[in-house]
Amino acid sequence: MLQSIEGVYKHGKIELYELPCDVSESRVIVTFLEPKKTPAQKQIMQFCMFSGKKQSTEEDFQIAEFHGDTKDGFDWS
C-alpha cells in the first residue's frame, strides 16, 4: 500500500509532519514540490548593529533621519 505524507526538506534532512502507519522500514521516493518563495526581509538599521570601536549614537540616527525632499514635488508633511 502506498502512503503519502507531507514533510519539509531543511539543511539536507527530511522532516515528516506525521509518522507513516504500519511502516517500520521501507524504500521511499521523494518528490520535491515547488518551493515556497520567501519574501525578502526588510533591512532596517538598528542602534548598535555594527561592530567596531565606534558605535552609532542617537545623534547619528537623528542626522540620518529623512525629513522629506522639497525638490521632489511631494508633500511630506
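I began with H11, which counts as exposed because its relative accessibility is 81% (buried is under 20% relative accessible area, exposed over 50% and partly exposed in between, with a 1.4 Å probe and protein chains only). I am working on a predicted model, where local features need pLDDT of at least 70, side-chain atom pairs count only at pLDDT 80 or more, and totals for chains, interfaces and linings use all residues. Residues are numbered from 1 along each chain as its sequence is written, and side-chain values use heavy atoms, without hydrogens and water.

I placed H11 in the loop between β1 and β2 (strands are DSSP runs of E, at least two residues, and helices of H or I, at least four, numbered from the N terminus). H11 is not a glycine, yet its phi is positive, about 50°. As a reminder to myself, most residues other than glycine have a negative phi.

I then looked up D22, in the loop between β2 and α1 (58-64). D22 is not a glycine either, and its phi is about 55°. D22 counts as exposed because its relative accessibility is 82%.

Next I turned to the pocket lining. I found 16 nonpolar, five polar and four charged residues lining the largest pocket (Ala, Val, Leu, Ile, Met, Phe, Trp, Tyr, Cys and Pro count as nonpolar, Asp, Glu, Lys and Arg as charged, and the others, Gly among them, as polar). β1 (7-10) and β2 (13-16) each supply at least two lining residues, and β1 gives the most, with three.
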